[in-house]
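This report is written for a reader meeting the structure for the first time. Please look over the sequence and the structure shown here before reading on.

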Amino acid sequence: MQHPIRRLRSLLDARVQAWIKRRQGIDPDPLLLHRRRIYILPTRLGFAYAAMLFGMVLGGMNYNNNLGLGLAFLLVSLGLVTMHHCHGTLSGLGLRLLATESAFVGEPVQFRLLLENRAQVPRPRIELSADDVVQEVVDVPRDGSAPARLQVVAPRRGRIPLPRLVVATRHPLGLFRAWAVVHPEYSAIAWPRPAPRGLPPHGVETDTGGAQDRAQGDEDFAGLKPYQPGDSLRRIAWKAYARGQGLHTKQYAGTDVVSHVFDWDALPGLDTEPRLAQLCRWVLDAHEHGEAFGLRLPGIVIEPNIGTAHRQRCLTALALFEPGRTHDSAH
Amino acid sequence: MTRRTDDPMRGFGGALAALGLATAAHVTSLPAWVILLLIAIGAWRWLANRRGWPLPPQWLRATIAVIAALVVLGTYRTLNGIEAGTAFLALMAGVKLLETRSARDLTVIVFIAYFLLFAAMLRDQRLTQVPYLLAGAAFATAALMRVHAGSAGDSWREVLLRSAVLLLQALPLAVALFVLFPRLPGPFWGIAGKESARTGLSDEMTPGDVSDLTASGDVAFRVRFSGRAPPPALRYWRGPVLHEFDGRSWRRTRGQAFPLQEVEYSGAPIDYQITLEPHDRTWILALDLPVEWPEREAYRGFDFQLLSPRPITEVASYSLRSYPTYRAGAVLPKSIRNKDLQLPDARNPRAVALGRALAAQHREPQAIVRAMLTMFREQPFAYTMQPPKLADNAMDEFLFQTRKGFCEHYASAFTLVMRAAGIPARVVTGYQGGEMNPIGGYLLVRQSDAHAWSEVWIDDRGWVRVDPTAAVAPERIERGLIGALDADEPVPGRLRQQSALWLRAELTWDAMNDFWNERIVRFNAARQFDLLERLGFKEPDWRTLGLGLAASLAVFFLALSAYLGWKFREPARDWPARLHAEASRKLKRRGVIPGPSEGPVAYLDRAAASCPDLARDLAEIRAVYVALRYGPQPTEADLRRLKHLVNRLRT
């Protein structure tokens with residue numbers, strides 16, 4: 001049971017957040033923080049500072065001491081000056097999504113952002129927090145940019161949106177905290193968590209006749225193609241290289257290449273998620289062993305292939321698979 | 001996680017420096033052990049931070065804190081008041097240093113530094129404190145900045161500079177607050193009495209005291225005369241009047257009430273305003289003899305000394321009127337006569353015998369006075385700041401053996417002999433003379449002008465001032481101390497007398513101090529309203545203050561926002577780009593919206609295609625734009641042409 005005051009606070013907080021979201025709507029990318037969307041309040045340190053100054057003013061009045069009062073007023077004014085500086089540090093800051101990095105459920109997906117500052121003064125100590133946890137403190141140089149990285153542990157597969165992003169700063173004295181709430185449409189993809197190893201893959205098919213042009217095996221030499229970074233070193237045509245023809249990769253047409261097609265229907269009796277987990281496991285294992293594989297989900301067919309991009313494609317298909325919709329399309 | 005880990009002790013050096021600077025302001029008033037303890041703790045903590053030594057355990061810190069509090073309590077008998085509070089605060093800062101491990105702890109240290117600085121201002125608000133205040137505030141602010149919001153690469157110099165800039169930006173509003181913030185008449189709570197050893201007169205005089213005092217060139221008070229200043233021979237500033245004599249020292253009377261004597265005066269009055277430097281005592285120096293004074297702030301004692309109801313702990317100013325020609329007292333009440341004839345038993349027998357002999361020789365009191373002054377003048381008495389030390393029968397030794405003395409010796413011996421001769425007499429201490437400051441237009445009186453003289457009762461003349469020093473060294477009265485002493489005696493300000501430049505520099509500095517005291521230190525509610533009236537507000541009241549405050553806040557905020565907006569501005573885009581943007585703004589009305597990756601030239605082409613009526617203009621805009629942007633030599637004329645074309649564009 002939560003403490004009533006804390007419950008009230010969180011209720012109030014939720015209301016405020018909803019109001020902010022209604023007011024601002026979904027933010028575009030890239031985003032420039034306008035001064036009207038920046039909120040600012042004193043920090044606890046700021047309140048302590050105010051209390052100290054109150055004591056000083058009272059003491060100065062009590063002793064009728066003008067120099068003491070002068071110091072107190074100077075510090076009062078200093079506090080107000082830093083309020084403006086704090087606000088200015090955030091106002092006009094640019095925010096841009098560079099990339100997202102996918103991950104398996106239970107692991108953090110990453111959002112790589114770029115903080116951009118077109119002003120001729122630096123913007124130090126920009127705090128980025130997702131879900132009220134400060135993840136990065138970044139100094140953005142003048143007329144420059146600084147990368148930042150936010151991560152969210154994926155609770156489920158599919159699109160994981162970046163939760164409420166708060167960009168804040170306490171610059172320069174920590175007496176005030178200026179912040180802006182950003183509701184970006186950033187989302188990263190979380191793949192299903194692979195099932196434990198054990199179940200051997202079903203549906204091993206031997207692909208004959210090179211039906212898939214781009215599926216390459218090891219058996220029949222089919223010619224040379226120019227080397228591309230990423231090609232296996234074992235397949236480089238060293239002889240051709242020695243003849244001064246440049247780097248080439250040997251191409252083979254697979255006649256008895258092992259090629260899997262992992263089929264949704266080959267796993268009857270399992271619920272959706274365990275099925276996806278098992279398919280994910282097979283995809284990973286096949287990729288690890290350098291075997292070609294394809295994927296067959298209700299409504300989705302991915303032809304056998306190899307390579308990192310293919311693996312990504314398959315994993316993404318698993319991540320975004322929605323059984324309800326495919327049922328509809330099947331009917 | 002990619003969260004950058006910051007050193008929690010970042011800014012430790014800064015906090016330590018700020019604390020050190022703030023504590024240094026109290027070096028003269030804090031007990032030595034507090035200072036030494038703080039230095040030891042600071043040095044140890046600094047080393048511990050560098051070498052990674054462990055901090056002392058909780059119980060040890062608590063013990064140190066409790067012991068320190070008890071010792072302060074034992075020393076001052078209170079924790080209230082500036083001195084005790086300062087010592088306590090400084091010690092707590094030391095204890096806090098012992099447990100400093102986080103940014104939060106460092107913040108507490110910085111706050112203590114701010115407060116110590118504030119206490120230093122409470123203790124002493126002379127002009128010389130101002131640079132200290134500013135430097136201390138800049139250091140503490142820099143420390144706070146380093147703890148809280150700097151970037152890792154910031155150098156100390158840079159942080160200090162930035163905090164100085166922040167303070168500079170804060171200055172205008174601080175001045176407005178100072179002038180406009182409503183001043184409530186304090187005190188709200190009791191102010192503990194200060195026990196300090198400020199130089200100045202005391203309520204006791206032992207031969208040797210005044211000559212010690214005159215070694216100080218400090219300012220005692222400043223006087224502004226409404227008319228002409230009186231001549232040096234009339235500048236007797238009356239301070240404590242001493243009645244009790246124990247054979248060696250003179251003291252004020254205590255715990256005894258005497259009837260007040262009437263004063264008759266004649267001739268021209270002297271009106272003046274006297275501004276006293278704080279001396280922590282109740283007396284107000286006044287020109288002989290004060291007859292008018294502010295009723296609530298002062299009263300005149302039975303011996304014509306002006307007194308304040310409260311010790312003067314801050315610079316204080318009084319408007320007074322004195323008459324140099326007066327008759328003080330018509331008849332002498334018995335209690336006063338007895339008091340001022342009192343002689344200690346069995347001390348200074350020869351001096352007493354001298355007095356009795358004089359009384360037997362002359363009938364008139366005036367004749368006795370003259371005879372004694374003649375003795376000082378004609379016998380080999382010498383006036384010196386370095387008189388020989390005197391023992392128990394001090395006045396006998398002085399009158400008949402050493403014969404070297406300062407004003408207090410002469411006043412003391414003279415008064416004693418008069419009493420022995422049956423003439424009521426007392427010692428008056430105060431200041432004599434002063435130096436006109438032509439820059440500030442006031443008379444400057446220093447501690448080195450301290451003086452002692454005598455006052456005797458003569459039946460048909462009342463209390464008459466007799467200055468025996470004038471008999472020995474008339475130059476003292478006319479030309480001041482330096483003129484009266486031999487050239488080899490150490491007197492403050494001898495350099496001043498010898499160098500015109502130095503004199504001018506010193507007088508200028510003093511005039512600045514005077515301005516500071518008058519305008520800043522003594523600023524209060526009344527002067528606040530005076531100032532507002534002079535600024536053109538008719539009959540200012542609290543609402544005027546409130547409005548003024550609100551207006552200055554608004555102006556300040558707007559100005560600061562504008563300044564920061566300018567500071568954080570984006571670099572101005574080049575003119576061709578701006579004009580292109582203006583053109584596309586106009587073309588949007590015709591539904592030609594620039595695509596996200598569409599170049600400026602491609603956009604103009606597309607616009608020309610979709611708006612045939614504008615095609616000619618757009619073609620020219622395109623041509624000039626291309627010439628400006630990509631041409632070998634863009635000219636001003638091209639830019640003007642582009643401006644003209646874009647402005648002419650009608651959509």
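## Contact between the chains

How many residues of chain A are in contact with chain B, and how many of chain B with chain A? In this predicted model, 48 residues of chain A are in contact with 49 residues of chain B. Four elements of chain A each supply at least two residues of the side that touches chain B: helix H2 (44–62), helix H3 (66–90), strand E6 (123–130) and strand E7 (133–140).

Which element of chain A gives the most to this side? H3(A) does, with 19 residues. Sorted by class, the side of chain A that touches chain B has 24 nonpolar residues, 18 polar residues and six charged residues.

## A sheet in chain A

Chain A has an open sheet formed by four strands, in the order E1-E3-E5-E8, and the pairing is antiparallel. Its edge strands are strand E1 (31–32) and strand E8 (144–153) of chain A, each of which pairs on one side only. In general, strands of a sheet pair through backbone hydrogen bonds, either parallel or antiparallel.

Which residue of E3(A) is the bridge partner of A:Leu31? The partner is A:Leu95.

## Strand pairing in chain B

In chain B, strand E2 (residues 219–225) is joined by four bridges to strand E19 (residues 442–446), and these two strands run antiparallel. Here B:Val223 has B:Leu443, in E19(B), as its bridge partner.

E2(B) also pairs with strand E7 (residues 270–276) of chain B, in the antiparallel sense and over five bridges. In this pairing, the bridge partner of B:Arg224 in E7(B) is B:Gln273.

## Confidence in the model

What scores does the model have for ipTM and pTM? The ipTM is 0.74 and the pTM is 0.72. For chain B, the pLDDT averages 85, and 93% of the residues score at least 70.

Where in chain B does pLDDT stay under 50? One such stretch is residues 1–5 of chain B, for which the model has eight contacts beyond four places in sequence. Another is residues 192–196 of chain B, where pLDDT also stays under 50. For residues 192–196, the model has eight contacts beyond four places in sequence.

Terms used: Residues numbered from 1 in each chain as written. Chains lettered and ligands numbered in written order. Predicted model: local features only at pLDDT ≥ 70, side-chain atom pairs only at ≥ 80, totals over all residues. Contact = placed C-beta atoms within 7 Å. Nonpolar A, V, L, I, M, F, W, Y, C, P; charged D, E, K, R; others polar. Pairing = 2+ DSSP bridges. pLDDT = per-residue confidence, 0-100.
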